[in-house]
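Keep the viewer open as you read.

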Amino acid sequence: MSNEKVLITGAAGLLGSIWCNLEELNTDYILGEHKNPVKSKKWSAYKLDFSNESQLSNFLEFNRVDRVVNTIGLTNVERCQEDKDLAHYLNVHIPGVMAKSTKLVGCKFIHISTDHLYGNINDYFTESDPVVLMNEYANSKYKGEVNVLNSNSNSLVCRTNFFGYGNSIKKSFSDFIETSVNQRKNIYLFDDVYFNPVNGLRLIEIANNLSQNNCSGIYNISANNVITKYNFGLKLCKALGIDSKYIKKGSLNGERELVTRPTCMGLSNKKTSEQLAIDIGDIDFQIKLLVDNA
């Protein structure tokens with residue numbers, strides 16, 4: 001039996017680099033370069049025009065790709081607000097082209113979305129709850145989901161927030177905290193912003209399992225419990241054995257220069273947990289996974 005071939009788009013980015021560096025049995029990766037070059041000693045990288053449906057379809061067919069994972073996206077909230085055309089191109093147009101191409105050749109498609117789709121009500125939001133789009137980042141990511149599912153209804157859309165060890169191009173929230181504390185820099189983390197991120201490794205494992213179970217549509221991949229960004233920082237430092245005195249309480253309310261954004265991004269993982277019959281794990285579990293794989 002031949003190995004499954006998986007194309008990772010945006011392989012130079014944070015999640016893309018974590019994904020393609022995993023040692024998975026029976027999986028061969030093809031690395032898709034978008035803006036930044038990808039360096040890998042093990043897997044081949046290709047510069048692809050992800051806005052060109054015919055070129056992408058031909059590439060998928062020629063290389064007999066079984067699954068495409070899209071990690072391309074403009075995730076900087078301020079940049080999305082400043083350049084709405086670029087946000088639409090990266091977060092809406094390109095995912096739609098990928099979805100059409102995967103449908104044409106009959107391969108699976110996983111699209112990574114966001115948790116910024118709600119508002120300021122502290123709750124665990126389900127996949128069917130109405131969205132509250134507070135900025136252009138949220139607007140473009142949601143339109144990207146719609147475009148993907150309209151173009152290929154068999155696509156898997158994963159709403160999530162994740163952390164993990166990044167690379168030289170892109171650092172994660174946990175990287176920022178650990179690096180700042182180790183450099184003895186004071187940082188202010190919001191004590192009025194709630195989220196339930198997963199470890200990037202756990203996200204990949206669950207997304208793969210959902211895809212292998214032929215799941216389609218929207219699935220939340222999140223930790224079991226919600227936490228403030230400030231308390232996440234304290235937990236992370238304790239687990240890493242580093243001094244948390246450099247972490248100070250901050251407030252999104254006091255950051256008037258920032259683009260308006262949600263304060264509550266808790267995602268209910270009930271649908272995903274029941275589908276796979278698993279316990280995704282709480283915040284402590286997600287952090288321990290980081291420490292164990294340091």
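Predicted model: local features only at pLDDT ≥ 70, side-chain atom pairs only at ≥ 80, totals over all residues.

Start with burial: a residue is called buried under 20% relative accessible area, exposed over 50%, and partly exposed in between, using a 1.4 Å probe and protein chains only. Residues are numbered from 1 along each chain as its sequence is written, and side-chain values use heavy atoms, with hydrogens and water left out.

Phe173 belongs to helix H6, which covers residues 173-182. Helices (H or I, at least four residues) and strands (E, at least two) are DSSP runs, numbered from the N terminus. Two packed helices are described by the angle between their axes and the distance between the axes. For H6 and helix H8 (residues 229-240), those values are about 65° and 10 Å. The axes are lines fitted to C-alpha atoms, for helices over the stretch in contact, and the angles run from 0 to 180 degrees between N-to-C directions. H6 passes H8 in a right-handed crossing; the crossing is right-handed if the near helix is turned clockwise from the far one by less than a right angle, and left-handed if anticlockwise.

Which residues of H6 meet H8? They are Phe173, Ser174, Ile177, Glu178 and Val181, and on the H8 side the partners are Lys229, Phe232, Gly233, Leu236, Cys237 and Leu240. Contact here means heavy atoms within 4.5 Å.

The buried residues of H6 are Ser174, Asp175, Ile177, Glu178, Ser180 and Val181. What covers them includes H8, strand E7 (162-163), strand E8 (187-190), strand E13 (247-250) and helix H10 (283-292).

Helix H2 (residues 53-62) packs against helix H4 (residues 84-105) at an angle of about 45°, with the axes 9 Å apart. That makes H2 oblique to H4, given that angles under 35 degrees count as roughly parallel, over 145 as roughly antiparallel, 65 to 115 as roughly perpendicular and the rest as oblique. The crossing of H2 over H4 is right-handed too. Glu53, Leu56, Ser57, Leu60 and Glu61 in H2 meet Val97, Met98, Lys100, Ser101, Thr102, Leu104 and Val105 in H4, a contact that divides into 6 nonpolar, 3 polar and 3 charged residues.

On to the rings. A search of the whole structure finds 7 aromatic pairs. Rings of Phe, Tyr and Trp (its six-membered ring) pair if their centres lie within 6.5 Å; planes under 30 degrees apart count as stacked, over 60 as edge-to-face and the rest as tilted. Tyr46 and Phe59 have ring centres 5.1 Å apart and planes at 65°, so they are edge-to-face. Tyr46 sits in strand E3 (residues 45-47) and Phe59 in helix H2, so the pair ties together parts 13 residues apart in sequence. Tyr46 is partly exposed at 33% relative accessibility, whereas Phe59 is buried at 12%.

Phe173 turns up again here: with Phe195 it forms an edge-to-face pair, 6.0 Å centre to centre and 75° between the planes. That pair links H6 to strand E9 (residues 194-195), 22 residues apart. Phe195 is buried, at 2% relative accessibility. Ring pairs also join Phe163, Phe173, Phe195 and Phe232 into a cluster.

Finally, the backbone. Most residues other than glycine have a negative phi, and most peptide bonds are trans. Just after H6, though, Arg184 takes a positive phi of about 60°. Arg64, in the loop between H2 and strand E4 (67-70), has a positive phi near 50° and is exposed at 68% relative accessibility.

Methods
Nonpolar A, V, L, I, M, F, W, Y, C, P; charged D, E, K, R; others polar.
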